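Trainee: I have a new model open and would like to learn how to read it. Could we go through it together?

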Amino acid sequence: MKIIRQWSVVALVPALLGAGSCVSVKNQMKSTPTAAIANRLPPLEILADQGPLAMNDGALPDDPLKLFQQECRINLTEPTDSATYGYAKLVVKKVKTLRTGRGLQGAQVLTFLLPAVVGVPLEWYKTTLQAELQVSDAAGNLLGSYNGTGTSEVKVAMYHGYSQTTAPRLADIIALRGALAQIRPQLDTATARLRPLLLAGGSVENPTIPAASSSATGGR
C-alpha cells in the first residue's frame, strides 16, 4: 500500500509542475522599466533576430521583437506614425539555460511533496544571454553596435514561483531585459553621434507603421 501511495505521488508530479504560477508571464512581458535615455534617437525601423533562442525551449519566436519594440518605444526612440530614419536591430548572439535542483524532486516524492506544499522550490531555470543592438542608417550602413549580457534565475514552485511550463520562457525574458539594460547606457552615450548621422541619411523608403511591426527575422 505504501508503494502504491508513492507511485500516486510520482504520477502527480508532472501535473503539479505544470500547474498555474502565482504571477502571469504576460504581465512580465509588459513590464518594461522606464529609464529613458537623455537624448532619444529619431524614429527607427525596429527589427529582431532571435538567433540561438530559436533552439531554446523558453522564449516564443516573437518575444525578442516585442520586448525590443517596448524598449525602443519607452526608452530609446522618438514616436512616429510615418517617417523612420534608419534601423535598430536586436540580435541574440548567445544563450545558455541550466536547470538546477532537479534532484530535489526525488526527495520531494519520497516525502509525499510536503516540502513543495510549504514552499520549497522544485527546481530552478538559470539563463545567461548575450545580445547586440545594431544601429544602421536608411541605406543600411552600420553606424554602431552595442553589446550586453543578462542573467536570470527563475524557480519552479507550487506557490511562490512559476510552473515548469512558464519558467523557461520567463528565464529567457528576464535575461533579455538584463542585456537591454546593459545596452541602454551605451546608447545614451552614443546618441549624440548617432542622431545627426541618422537624420543626415534620410528616411527609410516605405517605412512600416511601428504598431504593426510584428515579425522578427529568423524562425523556430
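**Strands, helices and confidence**

Mentor: Gladly! This is a predicted model. Let's begin with the strands: S2 (residues 87-100) and S3 (residues 123-136) run antiparallel, paired over 13 bridges. As an example, Leu90 has Leu133 in S3 as its bridge partner.

Trainee: In which sense do S1 and S2 pair?

Mentor: They pair in the parallel sense, over five bridges. There, Glu45 stands opposite Tyr87 in S2.

Trainee: Now the helices. At what angle do the axes of H3 and H6 cross?

Mentor: The axes of H3 (residues 63-76) and H6 (residues 167-200) cross at roughly 35° and come within 11 Å. The crossing of H3 past H6 is right-handed. On the H3 side, the contact includes Pro64, Leu67 and Phe68, and on the H6 side, Ile173, Leu176 and Leu180 are among the residues involved.

Trainee: How many nonpolar, polar and charged residues does that contact have?

Mentor: Eight are nonpolar, two polar and five charged.

Trainee: Where in the chain is confidence lowest, and where is it highest?

Mentor: Here the general idea comes first: where pLDDT is low, the predicted coordinates should not be read in detail. In this chain, helix H1 (residues 2-17) is lowest, with a mean of 43, while strand S1 (residues 45-49) is highest, at 97. The mean for the chain is 81, and 72% of its residues reach 70 or more.

Trainee: Over which residues does pLDDT stay under 50?

Mentor: One such stretch is residues 1-22, with 28 contacts beyond four places in sequence in the model. Residues 211-220 are also below 50, and that stretch has 26 contacts beyond near neighbours in sequence.

Technical notes: Residues are numbered from 1 along each chain as its sequence is written. This is a predicted model: local features need pLDDT of at least 70, side-chain atom pairs count only at pLDDT 80 or more; totals for chains, interfaces and linings use all residues. Side-chain values use heavy atoms; hydrogens and water are left out. Axes are lines fitted to C-alpha atoms, for helices over the stretch in contact, and angles run from 0 to 180 degrees between N-to-C directions. Helices (H or I, at least four residues) and strands (E, at least two) are DSSP runs, numbered from the N terminus. A crossing is left-handed if the near helix is turned anticlockwise from the far one by less than a right angle, and right-handed if clockwise. Contact means heavy atoms within 4.5 Å. Ala, Val, Leu, Ile, Met, Phe, Trp, Tyr, Cys and Pro count as nonpolar, Asp, Glu, Lys and Arg as charged, and the others, Gly among them, as polar. pLDDT is the predictor's confidence in each residue, from 0 to 100. Two strands pair if DSSP finds at least two bridges between them.
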